[in-house]
Amino acid sequence: MPLNTSPVRRDIDYLRRRVKPRPEPMAQAEPVASSPAAPAPAAPAASAAPATGLTLGGPSTPAAAPPAPAASGASAPTAPSTGLSLGGSSTPAAVTPSVNAASPPPSTPSTPQPFPAPTAEEVRVLDDETPLVRLDPRQSAIGSLIVGGATAIVWETVELVTGVATADGVDGTPVTTPGNRPLLGFDGGDAILALRHVHLLRRALFVGTPGRPLTVQLFDGESFAAADETGGAPVVSLLRIGSRLELRLEPLPAEIPLQTLLQQFGFEPTPYVVAREPRRR
């Protein structure tokens, strides 16, 4: 170091030696294309409302509701379930209309109706052309049915009790009504059927005299006759069908014994048993 250097100079030189030179600035590298930014995380979906019931099976998240039509706008949020779920989906199933609800109720089957037949107002004589007459329910249940000119009557009850009544007496078992009156019997030469108790009767026969008609009279004044055109004894059969009585003129030979007549119609008199008091020793 020269001797003539001033102290200030020496201090400047000392500082230059202590301070390191500043490095040259480096060339800036070209910017590298950065990778595309990661998409922003989607907004968290609205959390389902916490269920307040106990779930023992099935999916815990409610099933997605079907999309609503565009015209209806946004659908309302589903209300949280507050019941107890034991399995399956927590969303209620769509109610399907029942087929039976739309169909009409089954109609009640109707009972068979009898074929058309003339009434007591339309018939005056039962003969070969008009052998049948049917009474209405009122004529079949009120008063008495009176048959004039009969010589024998035959009856059969709903319990298959059969009997025959003639001028000589009764063969078989008579039938008495709760009023202690015979269901079918003779009174003053006429055969009388008590219609108040006709529900006890199943069928009957009225046998007349050869060459003479049978006459039938009802409580309301209606009457008609039954005549055999061949000259034989007229035979009228009576049959109860429901609440109606039918009377029919039966075509039979002119001469036929009563026992043969009963066999042809299937009547067999029921043996009559007289009720007796129990014997005491």
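This report covers the fold, the nonpolar cores, the sheet and the salt bridges of a predicted model.

Residues are numbered from 1 along each chain as its sequence is written. Local features need pLDDT of at least 70 and side-chain atom pairs count only at pLDDT 80 or more, while totals for chains, interfaces and linings use all residues; side-chain values use heavy atoms, with hydrogens and water left out.

## Overall composition

The chain contains three helices and 13 strands. Helices (H or I, at least four residues) and strands (E, at least two) are DSSP runs, numbered from the N terminus. Of the 281 residues in the chain, 26% are buried. Buried means under 20% relative accessible area, exposed over 50%, and partly exposed in between (1.4 Å probe, protein chains only). The accessible surface of the chain is about 20,700 Å², and carbon and sulfur atoms account for 58% of that area. Accessible areas come from the Shrake-Rupley method with a 1.4 Å probe; for residues, only the protein chains shown count as cover. Among contacts (heavy atoms within 4.5 Å) between residues at least 6 apart in sequence, 63% join residues at least 24 apart.

## Nonpolar cores

A nonpolar core is a set of buried Ala, Val, Leu, Ile, Met, Phe, Trp, Tyr and Cys residues joined through side-chain atoms within 4.5 Å. The largest has 32 residues, and Leu-145, Leu-193, Phe-206 and Leu-238 have the most contacts inside it. Strands that each supply at least two of its residues include S3 (144-148), S4 (150-157), S8 (190-194) and S9 (201-208). A second, separate core has 11 residues, among them Leu-205, Val-235, Leu-252 and Phe-267.

Phe-206 lies in strand S9 and is buried, with a relative accessible area of 1%. Leaving out residues up to four places away in sequence, its contacts include Leu-145, Ala-152, Leu-184, Leu-214 and Leu-238. Phe-206 and Ala-152 are 54 residues apart in sequence, with a C-alpha to C-alpha distance of 6.2 Å. For Leu-193, contacts beyond four places in sequence include Leu-145, Leu-183, Val-198 and Leu-238.

## The seven-stranded sheet

Seven strands form an open sheet in the order S2-S13-S12-S9-S4-S5-S6, with antiparallel pairing. Two strands pair if DSSP finds at least two bridges between them. Strands S2 (132-134) and S6 (169-172) are at the edges with a single partner strand each, so one side of each has no neighbour in the sheet. From one strand to the next the twist averages 15°.

Seven bridges join S4 and S9 in the antiparallel sense, and Val-154 stands opposite Leu-205 in S9. Helix H3 (residues 258-265) packs on the sheet and touches S4, S5 (162-166), S9 and S12; the direction of H3 makes about 145° with that of S9. Axes are lines fitted to C-alpha atoms, for helices over the stretch in contact, and angles run from 0 to 180 degrees between N-to-C directions.

## Strand S10 and its partners

Strand S10 pairs antiparallel with S3 over three bridges, and Val-147 has Val-216 in S10 as its bridge partner. S10 and S11 form a hairpin with five residues between them, and Gly-221 in the turn has a positive phi of about 95°.

In a regular strand the side chains alternate between the two faces of the sheet.

## Salt bridges

A salt bridge is a side-chain nitrogen of Lys or Arg within 4 Å of a carboxyl oxygen of Asp or Glu. The count by this rule is five. The table lists some of the pairs.

| Pair | N to O distance |
|---|---|
| Arg-124 and Glu-222 | 4.0 Å |
| Arg-134 and Glu-246 | 2.7 Å |
| Glu-156 and Arg-202 | 2.4 Å |

Arg-134 in strand S2 and Glu-246 in strand S13 are 112 residues apart, and both are buried. Glu-156 in strand S4 and Arg-202 in strand S9 are 46 residues apart. Glu-156 is buried at 7% relative accessible area, whereas Arg-202 is partly exposed at 40%. Glu-156, Arg-202 and Arg-203 are linked in a network of salt bridges.
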